[in-house]
Structure formats: structure tokens, C-alpha cells
Amino acid sequence: MPSELTQEERSALAQSIAEFHTYQLGPGSCSSLHAQRINAPPEIVWSVVRQFDKPQTYKHFIKSCSVEEGFEMRVGCTRDVIVISGLPANTSTFEKERRVWTVVLESYVVDMPEGNSEDDTRMFADTVVKLNLQKLATVTEAMARNAAGERGGSQVT
């Protein structure tokens with residue numbers, strides 16, 4: 001369970017985490033789950049996350065991205081992402097939470113490169129995922145501020 005979540009958020013998201021962010025790992029694989037609280041409405045966050053053909057909008061080090069045939073955007077949907085280093089991030093799963101802020105969860109399963117330890121692999125993958133979530137927050141919070149400014153309303157902080 002991500003430490004970034006409050007106890008209330010953990011309770012509210014427990015079922016989704018169990019369903020969409022729990023993996024049966026094989027030998028030579030590891031996984032992790034991260035959360036990012038974003039001070040922007042879910043609609044703005046999802047307008048960026050839904051651009052599965054443009055993950056570089058908020059993801060660093062993207063080499064390729066693909067979805068399964070018949071893909072349909074919904075809670076729990078997945079995509080396969082290969083980062084520039086060649087380290088495969090097998091799934092990026094996003095969970096939408098409606099509140100004043102938006103909570104985005106991202107989990108992954110990666111194969112450990114030969115000669116790397118599980119700790120080294122997880123540390124590298126965690127760093128990339130955290131950078132991506134921070135960039136998603138930066139991009140969507142700016143979009144929310146711009147939208148509020150255009151409406152002449154109060155700004156999202």
C-alpha cells in the first residue's frame with residue numbers, strides 16, 4: 001500500500017488495489033505500486049492519461065507503448081510500456097478517484113536484467129515511475145490553473 005495515501009484513501013482504494021495492482025510474480029520479476037495526489041480535477045488528469053498514443057506528454061524515457069487489440073479505456077485498463085533503457089514496464093494501470101483532488105495509482109511488473117538485483121531493479125523502476133507521476137501532476141495542475149484562469153474563476157492550488 002503506497003505510503004503517500006491517507007488511511008481514508010487506503011480504505012477507499014483497497015478493493016481496486018487488490019483487483020488491479022496485485023500481481024503473481026514469476027522468478028526474476030519484481031513489482032511496486034505508487035500513488036500521486038494531483039491538485040487538478042479528474043477530467044483534466046484523465047484527458048492526459050487517456051492519450052495512450054502520447055505517453056511522452058508525462059512519461060520520461062518512453063521507447064514504445066502498446067495496448068491490446070480491442071482496447072477500451074476504463075478504470076483498470078492497461079498498456080505495455082518499454083522505456084528507452086530497454087527495461088520493460090509490463091503494465092501501467094491507472095485508477096480514478098473523484099474528490100477535490102485526483103489520486104493516480106500506477107503499478108508495474110518488470111523483469112530483472114541479468115546481473116541486477118531485485119533492489120537495484122526496483123530502485124530504478126521506482127525512480128522512473130515517481131518522475132512520471134510528478135510530471136503528470138505538473139502538466140495537469142498547470143492545465144487546471146490555465147482553465148480556471150480562462151474561466152475567471154478561482155485557481156486550483
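E9 is buried, with a relative accessible area of 1%, where buried means under 20% relative accessible area, exposed over 50% and partly exposed in between (1.4 Å probe, protein chains only). This is a predicted model in which local features need pLDDT of at least 70 and side-chain atom pairs count only at pLDDT 80 or more, while totals for chains, interfaces and linings use all residues. Residues are numbered from 1 along each chain as its sequence is written, and side-chain values use heavy atoms, with hydrogens and water left out.

The side chain of E9 meets that of R37 in a salt bridge (2.4 Å, N to O), a term for a side-chain nitrogen of Lys or Arg within 4 Å of a carboxyl oxygen of Asp or Glu. Because R37 lies in strand 1 and E9 in helix 1 (residues 7-20), the pair ties together parts that are 28 residues apart in sequence; helices (H or I, at least four residues) and strands (E, at least two) are DSSP runs, numbered from the N terminus. R37 itself is partly exposed, at 31% relative accessibility.

By this rule there are three salt bridges, and another of them joins the side chains of K59 and E106 (2.7 Å, N to O). This pair links distant parts of the chain, 47 residues apart, with K59 in the loop between helix 2 and strand 2 and E106 in strand 5. K59 counts as buried at 4% relative accessibility, and E106 counts as buried at 3%.

R122 and E118 also meet through their side chains in a salt bridge (3.0 Å, N to O); being four residues apart in helix 3, they are separated by about one helical turn.
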